[in-house]
Amino acid sequence: MALLKKITSGLERRYIVFTILSPLFMFGEVLMETTIPLVMARLVDIGIKNADQAFVVRNGLLMVAMASFSLFCGVMCGRISSLAAFGFSKNLRKKLFSHVQDFSFSNMEHFGTDSLVTRLTTDVTNVQNMYQNVIRTAVRSPIMMIFGCTMAFSINSRLALIFLIVIPVLAAVLISIVLIVYPRFKKMLEKYDHLNRIVQENLIAIRVVKSFVRGEHENAKFDAIAEDLQKTQVGAEKIVILNMPIMQLMIYACIVSALWFGGNMVIVGNMLPGELISFISYVTQILMSLMMLSRLFVMFMLSRTSLSRIMEVLDEKIEIENGKLKIENTKGEVSPALQPPVAFSATPSAGTPRNAPCDIDFQHVSFSYDKKMEHAVLSGISLSIPQGSTVGILGGTGSSKSTLVQLIPRLYEVTDGALLVGGKDVREWNVTELRQKIGFVLQKNVLFSGSIKENLRWGNENATDEELVEACKASAAHDFIMSFPNGYDTILEQGGANLSGGQKQRLCIARALVKKAEILILDDSTSAVDTATDLRIRNALRTFLPDTTKLIIAQRIASVQDADSIIVLDGGKINGIGTHDELMSNNQIYREVYESQMSEN
């Protein structure tokens, strides 16, 4: 019940009503179907035997009326159950998608995009089909069996003993099929995840595939995965398909037995011909109900696999919660109150007050993706960044520059230590309020299908056209936008595929500027633009957002050379901090990078 309540919570009232009405209509259909053979038996044994034409006509019309009512109930049940199932799947997908939206980066990495796509599509569809069959077949078949068996035993209890032999055999076969099929269906859905991952990866990187002429290689890889999936599907389905012939064999065996033994009873006068005809009808109804139940159980095993995968997502504990503060040290014990013994301090711009609303303080911060401190990628980071300062962050590949800044908006959660924004631990902030203070340009430029205006208003949905233009001029994007025939109304393809890398970067920067946040994080966001454009953007940022704290990750020293302070990361630790001149004189890593870049120029 707890599981059912969880997956149906939030279901609209009309779909709940449909779910209740569907079995009621099904009950009416089954009642008519099981009553018609009795009327038919009376028509044969009384009306036809006695040549009573009026009796035959009355009972014939009654059968037509009952069949018509049964048809009406069946149609209504089919329609209503479909509406209920579609409403259920809509609600479940909405619940899943909403839950995924709250995932941290760590939660996302736990499942993978490909697996989440499969769960939101294929798995939900499987559960939807199961839901529809439960409120139809799971109601119809047991009622049909109970009514059918009752009627059959009332007609001839000796002949009805056939069912006591057949039903246990069918039950044993069904249980065997279910036990064998379940792990195979589970493996099949895992193969679907793999297939989705390859398709998604290939389509996103189609330009790379074409530029490296790797089409044949990708085709071969896809064929191998598709064939592997096919073999897994065949392995599961070849067991499932045994269900139908075995069921049909049992049905025909029962019919032949009923005709043989029942025919002998009719000959010796122990049974009327109409009763035998009715009995055969009940045999068919009962065994067809068993067949439907067997198919339902097989579908249940497939849906059970899908349901367990869906519940894994719904039960995934959100790593980042609003207003939850629990600081633990590497031993899992609550750490003592952390004072801010700042090892390094970024110097603010002139006139910027200390302890301003959006100061950023790292207090002995460490971070590990798997929460094991022996695998920490950031260790002992102590750093104070006053509001309004511009801070550059440099470091080699793998020095965890991006991870450091992603802790600020809680895209990842601090593993040890404390990170304060505006004097308040980020774990005490409401996530939405915290992220509204931060403008972020991720290392990977992501744009969405739609117009340029629509993409820019992701930063602020209420931004005016003038504000959009102002932000685009600051990010050096206005000129290339106006070169398009439709200007700001130009439609972007998925992922901004009709833009160059530099154009996408400048639009992403403009989107962050439109937000006019108190903290602006640029994660290597000018790597695809030329140095002149990079300089133009940096100069514009000083005047466009003068009071905003700016954290700039860059590979080029020229991009951060004029920052108030520059942080040098090495191996997840702070190697040095200072102005360009200070680092040139006292930091070997910074000096070597600078000399290397100058020699290349």
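Student: Which element gives the largest share of the lining of the largest pocket?
Tutor: Helix α17 does, with 5 residues. Keep in mind that this is a predicted model.

Student: How big is that pocket, in volume?
Tutor: The largest pocket has a volume of about 2600 Å³.

Student: And which elements give two or more residues to its lining?
Tutor: Among them are α3 (53-101), α5 (113-134), α7 (162-204) and α17 (501-515). The strand β7 (438-441) is also on that list.

Student: How many residues line the largest pocket, and which lie nearest its centre?
Tutor: The lining has 50 residues. Nearest the centre are Phe-105, Leu-442, Val-446, Phe-448 and Trp-458.

Student: How does that lining divide into nonpolar, polar and charged?
Tutor: There are 28 nonpolar residues in the lining of the largest pocket, along with 14 polar and 8 charged ones.

Student: New topic, cavities. How many of 30 Å³ or more are there?
Tutor: The structure holds 1. The space in the largest cavity is about 60 Å³.

Student: Which residues line the largest cavity?
Tutor: Leu-522, Thr-526, Asp-534, Ile-537, Arg-538, Leu-541, Ile-552 and Ser-559.

Student: Which helix gives the most there?
Tutor: Helix α18, residues 531-544, contributes 4 residues to the lining of the largest cavity.

Student: And what about the classes in the cavity lining?
Tutor: For the largest cavity, the count is 4 nonpolar, 2 polar and 2 charged residues.

Student: What shows where empty space is left, anyway?
Tutor: A probe the size of a water molecule is rolled over the atoms, and that shows where empty space is left.

Terms used: Residues are numbered from 1 along each chain as its sequence is written. This is a predicted model: local features need pLDDT of at least 70, side-chain atom pairs count only at pLDDT 80 or more; totals for chains, interfaces and linings use all residues. Side-chain values use heavy atoms; hydrogens and water are left out. On a 1 Å grid over the protein atoms alone, a cavity is a set of points where a 1.4 Å probe fits but cannot get out, and a pocket is an open set with protein on both sides within 12 Å along at least five of seven lines; lining residues have an atom within 4 Å of a point. Grid points are joined across faces, edges and corners, and a volume is the space filled by probe spheres set on the points. Ala, Val, Leu, Ile, Met, Phe, Trp, Tyr, Cys and Pro count as nonpolar, Asp, Glu, Lys and Arg as charged, and the others, Gly among them, as polar.
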